[in-house]
Amino acid sequence: MEFLERVAADNAAAFAGLSTSLGVRLGLYQAMAGAGPLTSAELADRTGLVERYVREWLDGQVAGAYVTHSPATNTYLLPDEHAAVLADSSLPTYVGGGFTMLRALYGAEEALANAYRNGGGVSWQAFGPELAEGVAAFFKPGYDAVLVQEWLPALEGVEAKLRRGASVADVGCGHGYSTVLMAKAFPQSRFHGFDFHEPSIEAARELAKESGVDDRVTFEVAAAHAFPGGDYDLVTFFDCLHDLGDPGAALRRAEEALADGGSCLVVEPNVSAEPTENINPIGRSFASTSPVLCLPVAMAQNGPHALGNHPGQDALKEIGAEVGLRHWRLAVETFTNRVYDVTR
């Protein structure tokens, strides 16, 4: 019965996730943040949505204890602590962006089932445009909180180079959040973002313009194993190396493109290759994403590796050593990520 209750709770969460995604996409949480108690009509007016739908959405949020309800006034309240998780994407506690991936993941169920039956994979493009948007929104708060403040300073000699003026390749840059963050922090350096997904590159270029860093940031469509340029002081892989069908080819290209004394920053999920060590919310989140996203995307590339998102440090080090990147140092880790300083 205890297990039945746990599975029933998971089932409820799976259904509720769609409402959470709608709350993020439609600005419902943001409209409630700091507003105090609101009636459904007041929230509908704030968001420009249909009141009857808003009322039903609110009742579901109350059932999940995301929102509180006062029967006396028939008002709803999003507590400040909950707003920090669901409404403010500038905070490191924000996780709302991850829910916007659900449409893409659930929409690919038939393609995933076929891959499970017949082999092969499901390409990134097959998941639809919402996937790239959701992935970017999921990782952005963490990058905002720790990339410049903790991760880059943890690399040996890198921060000093960036302050003086360095050349950086951000491989698998997606929507460019990581690239633009670094460019804003280190105006003397030049940054080049590469990603095989053209819509993401277009979004990244727009972000650079909006952020006022397009004078020192470029974005280009390129595969991880064939990005252009050379003499880079730093090559970065943010949460993408494990998604590649041939991570060795990407690391080989990075090794070729590094300047003397250059290094790689490799950011991977903080999840264990030992399944029993992932019995916790963060471990479960990553381990559950891998069989429906990370693994199928890698399998679709028909490369020599399909790592999933928890291959373990030893597997990554072995692949790196084969291409000349023999030194892997765990520079820092957070609840969600492990950050490696990788050199020749």
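Is R344 buried, exposed or partly exposed? Keep that in mind as you start the tour. The model on your screen is predicted.

**Stop 1: R344 and its partner**

Select R344. This residue is partly exposed, with a relative accessible area of 34%. That value falls between the 20% limit for buried and the 50% limit for exposed. E255 and R344 form a salt bridge, and their closest N and O atoms are 2.8 Å apart. Follow the chain from one to the other. E255 sits in helix α13, while R344 is in the segment after β9.

**Stop 2: a bridge between two strands**

Next, select D341 and R329. Here is another salt bridge, with 3.0 Å between the closest N and O atoms. D341 belongs to strand β9 and R329 to strand β8, so the bridge ties together parts that are twelve residues apart in sequence. Colour the two by accessibility. D341 is buried, at 6% relative accessibility. R329 is partly exposed, with a relative accessible area of 34%.

**Stop 3: helix α16**

Select residues 313-322, which make up helix α16. Which residues of this helix are buried? They are L316, I319 and G320. Look down the helix axis. These residues cover an arc of only 100° around it, so they lie on the same side of α16. Turn to the face pointing away from the buried side. There you find the exposed residues D314, E318 and E322.

What do the buried residues of α16 pack against? Show α13 (247-257), β7 (258-269), β8 (327-333) and β9 (337-343) to see their packing partners. Then move past the end of the helix. G324 follows α16, and its phi is positive, near 100°.

**Stop 4: the nonpolar cores**

Hide the surface and look inside. The largest nonpolar core has 46 residues. Select F127, L131, L147, L152 and L265, the residues with the most contacts inside this core. Which helix gives the core its largest share? Helix α9 (residues 129-151) does, with eight residues.

Zoom in on L147. Leave out residues up to four places away in sequence. L147 then touches G142, L152, P153, S178, L181, M182, F238 and L265.

Another core lies apart from the largest one. This other core has 27 residues, including F237, L241, L316 and L325.

**Stop 5**

How many salt bridges does the structure hold? It holds eleven. Select E130 and R103, whose closest N and O atoms are 3.3 Å apart. E130 lies in α9 and R103 in helix α7 (residues 102-107), so this pair ties together parts that are 27 residues apart in sequence. Compare the two ends. E130 is buried, with a relative accessible area of 14%. R103 is exposed, at 57% relative accessibility.

**Stop 6: Q61**

Finish at Q61, in helix α4 (residues 51-63). Is Q61 buried or exposed? Its relative accessibility is 4%, so Q61 counts as buried. Now show its surroundings, leaving aside neighbours within four places in sequence. Q61 is in contact with S19, T20, Y29, Y66 and V67.

Technical notes
Residues numbered from 1 in each chain as written. Predicted model: local features only at pLDDT ≥ 70, side-chain atom pairs only at ≥ 80, totals over all residues. Heavy atoms only, no water. Helix = DSSP H or I, 4+ residues; strand = E, 2+ residues; numbered from the N terminus. Buried < 20%, exposed > 50% of the residue type's maximum accessible area, 1.4 Å probe, protein only. Contact = heavy atoms within 4.5 Å. Arc of directions from axis to C-beta. Core = buried A, V, L, I, M, F, W, Y, C linked by side-chain atoms within 4.5 Å. Salt bridge = Lys/Arg side-chain N within 4 Å of Asp/Glu carboxyl O.
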